[in-house]
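Hi,

Here is the structure I promised to pass on to you. Please open it alongside this email, and I will walk you through what turned up.

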Amino acid sequence: MNSSNEEYIGKQLVSNLFNSKGVFVLPAMTLLNAEHTRLISQHKITLEEKDVIHLDGAAFFQIAIDDCTTAMEGIFEQIRYNKSKRIPMIELRNEVIPFIHQVTEKNDFYGILAALQSKDDYTYRHNVAVGILSTLLGKWLKMKPEDLSQLTIAATLHDIGKIMVPAEILTKPGPLSDEEFQIMKKHTTYGYEMVRDTVGTNHNQALVALQHHERMDGSGYPFGVLGHRITDFSKIVAICDIFHAMTSDRFYRKASPLYEVLTQMEESVYGKLDPYICRVFIDKLMQSMIGNEVELTDGRTGRIVMILSHDPLRPLVNLGEDFLDLSKQRNIGIVRVIPQ
């Protein structure tokens, strides 16, 4: 078994790959995952540097996240046609999880966020997004590596129960009726059972599927439990789930501007979301903004130069010769961060 091929995971093939007998193995431009490197080794091929392209950040994020999204779609399809409703963990571990770790290692939050913006595959891309954002947040919370690995899988599978919800409810272009919402809510209990019954997962991961819509004040679902009964994993995933949903274009509404999302999340801290975890998330998002170009609500673009500790959502922005203190200019906000 040729393990040296594994170092090329996350790199892209330059050209079509053939084995020594001229049998076609993989097409040019394939972004290599663990499954590909195993196949290449089976064909007794040893890759070299000249066979691959090292992608720059933006291209890597785009291709890796697109590939993960396609893989998630495949995983959902497999479960849909599988009577036992077991989750294909091998595919998840080979085709999705390694890329999520590689993307989060780059730590370029707004580059990653740009690639997470849904094309028209929100249902699948959202799972990848929440996997990536939760892994970043877990790192920011200084979680142990083994806990972080478990969190990544739990977050990526948080919505797996949606497979049991009829497609016309999932993709409905307007708000759900009460009856439809009751059906939609069941994705939490379905997901819990599916993760629980899959070999190679644990109870903590099943609880994320169950609890990611529970809220600290007991206003969530399916059981309306209070904060002390919600696990840390579930609290992390809840925050990332809300953030990605609000910053994405959906079937029934456009993405909200970043400052609105963060302001709403900050307000949700009083009661709904875990205050400490949410504070870490918002502070890190704002710190990651320093040096980036942003678009303001008045149409101008500027560069963030400083985050003010007393009002982190309203930083100091440099516009040409001028500096704009958003904590004093309350009528102007940040619409979006322009990826570098």
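This is a predicted model: local features need pLDDT of at least 70, side-chain atom pairs count only at pLDDT 80 or more; totals for chains, interfaces and linings use all residues.

You will find Glu168 in helix H7, which covers residues 167-170. Glu168 and Glu180 lie twelve residues apart in sequence, and their C-alpha atoms are 9.7 Å apart in space.

Now to the aromatic rings. The count of aromatic pairs comes to nine. One of them joins Phe109 and Tyr110, whose ring centres are 5.0 Å apart with 80 degrees between the planes, an edge-to-face arrangement. Phe109 and Tyr110 are both buried. Phe109 also pairs with Phe243: here the centres are 6.2 Å apart and the planes stand at 55 degrees, so this pair is tilted. Phe109 belongs to helix H4 (residues 109-116) and Phe243 to helix H11, so the pair ties together parts that are 134 residues apart in sequence. Phe243 is buried, as is Phe109. If you colour the rings, look for the cluster that ring pairs make from Phe109, Tyr110, Trp140, Phe243 and Phe281.

Another ring worth a look is that of Phe60. The charged end of Lys106 sits over the Phe60 ring, 4.7 Å from its centre.

Next, some backbone details. Two lysines have a positive phi:

- Lys44 has a phi of about 55 degrees, a positive value although Lys44 is not a glycine. Lys44 is in the loop that runs between helix H1 (34-42) and strand E4 (52-53). With a relative accessible area of 76%, Lys44 is exposed.
- Lys142 has a positive phi near 60 degrees, and Lys142 too is a residue other than glycine. Its loop lies between helix H5 (122-140) and helix H6 (145-156). Lys142 counts as exposed because its relative accessibility is 70%.

There is also a cis peptide bond, which joins Tyr221 and Pro222 with an omega of about 10 degrees. Pro222 is in the loop between H10 and helix H11 (232-246).

Which residues does Thr198 contact, leaving aside its neighbours within four places in sequence? They are Arg86, Ile87 and Met89. Thr198 itself is in the loop between helix H9 (187-196) and helix H10 (203-211). Thr198 counts as buried, because its relative accessibility is 5% and buried means under 20%.

Val305, Met306 and Phe323 make a nonpolar surface patch of about 290 Å². Of these residues, Met306 is placed in strand E6 (residues 301-306).

Happy viewing, and do write back with any questions.

Best wishes

Definitions and conventions: Residues are numbered from 1 along each chain as its sequence is written. Side-chain values use heavy atoms; hydrogens and water are left out. Patches are made of residues with over 30% relative accessible area and no salt bridge: like charges are joined within 9 Å, nonpolar side chains (Val, Leu, Ile, Met, Phe, Trp, Tyr) within 5 Å. Accessible areas come from the Shrake-Rupley method with a 1.4 Å probe; for residues, only the protein chains shown count as cover. A salt bridge is a side-chain nitrogen of Lys or Arg within 4 Å of a carboxyl oxygen of Asp or Glu. Helices (H or I, at least four residues) and strands (E, at least two) are DSSP runs, numbered from the N terminus. Buried means under 20% relative accessible area, exposed over 50%, partly exposed in between (1.4 Å probe, protein chains only). Contact means heavy atoms within 4.5 Å. Rings of Phe, Tyr and Trp (its six-membered ring) pair if their centres lie within 6.5 Å; planes under 30 degrees apart count as stacked, over 60 as edge-to-face and the rest as tilted. A charge sits over a ring if NZ of Lys or CZ of Arg is within 6 Å of the ring centre and within 35 degrees of the ring normal.
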